[in-house]
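Have a look at the model first, then read on.

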Amino acid sequence: MTDVFLIHAQPWDPDAGAVVDVYLTDSARTEVDGGNAYDPRVEVPVNFGLTVFDGAFGGAVPTLGNIAVLVGDGAYDNLMAYRWDNRAITIKKGPSGGSFTTVFTGRTGANTEWTLDRFFVPLRDLSERLRVPVEAIIGGYDRGVALTAGSDYADYAALAAATVAGGSYATCLAEGLVRVGGVPDGPLTFDVKGDDTGGTYVTTAADIIERLVTTQGDFTSGELDTTAFSQLNTDQGGTLGLLIRDGREIGAVLDEIMATVGGWWTIDADGKLTVERLALGTSTKPLTLDDLTALRREEPPGARAWATPATGGP
C-alpha cells in the first residue's frame, strides 16, 4: 500500500488575530489522525534533501521544496489571506487509514505563491533559528589600565549615538561591537571570557555546540539528537578551543567547529539538531599487497580525499 502524507500547518489569521490549524493530505480521501480530519487537497506533499559535503565539512545544507495545495474550486481561498512566515508545520507519513509517524517538523517560509488552481507554501528548516549573532562578555584596557564597563546597545546606530564617558567602554554585543570613550592613550586590549553556565566550562566539539545552541540560541536540550552528540563525544573527545572575534551567526560557528572534526551539523526531519562525522568503517577483509599498491591520492578543488579501487578494504 502506498503511503500518504498528512500536513498540519499553523499560519496566522490577521482577521481573527490568532493562529489557525490547517489540516491537509495528498491522499485520495479524507484521512483522520488524532481526532483531526485532513482534507485531500495536496498535490505535492514535501521534498527533503541534504547536501553533506560541498567542498568542505561543517554544516549540512538542507534542500526543502514547496507544498502544492489545490485551490481551484475556491474552497481554500482563505489560505492566501493568512500569514505564513515562520509558522509551525508538522508532516506525518503512513498508510491510508492506518497509523502515521512524524517525518518532518519545521517552519514555513514567507514567499508563498499562487496560480489559478494552486497555492504553494515553502518550507524552511529549523536551522534558521541559529542565524543569530554569538554574544561575548568582555573587559577592556587602555594601555593596561582597566576601562569601566558601560551599557550594551541593541544595534550599531544606538551605540554610535550613545554618550560614552572617557575611561569607559560601551558595547553592542548583538553585532560584536565595542566603543571606547575619548581617544585612547595607547593600545586597546580586551579580555574575552567564555561561557561557564552552571559553573562548568565545556571543551569538546559536541559539548561546545550544545552549550552555544541552548544558551545563545533558543534550542532546548529536548530538541537535540542526544544520541548523536554522545557519539561525537566518544569519537572526538579531545579539547577544542574557540575564539570568536566578531558577531558571527551561531550557525557559522557550528560550521567551523564541525569542520575541525571532519563532520557536519544539520536539523533532521524530526526537527532535532544533530551532528554527524565521516569515519572509515571496519574492514571485513584483510587488504592484500595489490590493494595497498592500488591506493591513490585524489585532491578535488577545496578538499582532500583518499580513494582506492579495492573492494574488500575499509
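W84, W114 and F119 come together as one aromatic cluster. This is a predicted model, in which local features need pLDDT of at least 70 and side-chain atom pairs count only at pLDDT 80 or more, while totals for chains, interfaces and linings use all residues. Residues are numbered from 1 along each chain as its sequence is written, and side-chain values use heavy atoms, without hydrogens and water.

**Aromatic pairs**
- Rings of Phe, Tyr and Trp (its six-membered ring) pair if their centres lie within 6.5 Å; planes under 30 degrees apart are stacked, over 60 edge-to-face, and the rest tilted.
- The count by this rule is four aromatic pairs.
- Y169 and F190 make an edge-to-face pair, at 6.2 Å centre to centre and 85° between the planes.
- This pair links distant parts of the chain, 21 residues apart: Y169 sits in strand β19 (168-172) and F190 in strand β21 (188-193). Strands are DSSP runs of E, at least two residues, numbered from the N terminus.

**The cavity**
- A cavity is a set of points on a 1 Å grid over the protein atoms alone where a 1.4 Å probe fits but cannot get out; lining residues have an atom within 4 Å of a point.
- The structure holds one cavity of 30 Å³ or more, and the largest cavity has a volume of about 50 Å³, meaning the space filled by probe spheres set on the points.
- Its lining includes I7, A9, V22, L24 and W84.
- β1 (3-9), β4 (22-25) and β11 (66-70) each give two or more residues to that lining.

Definitions and conventions. Helix = DSSP H or I, 4+ residues; strand = E, 2+ residues; numbered from the N terminus. 1 Å grid on protein atoms, 1.4 Å probe; cavity = no way out; pocket = protein on both sides within 12 Å on 5 of 7 lines; lining within 4 Å.
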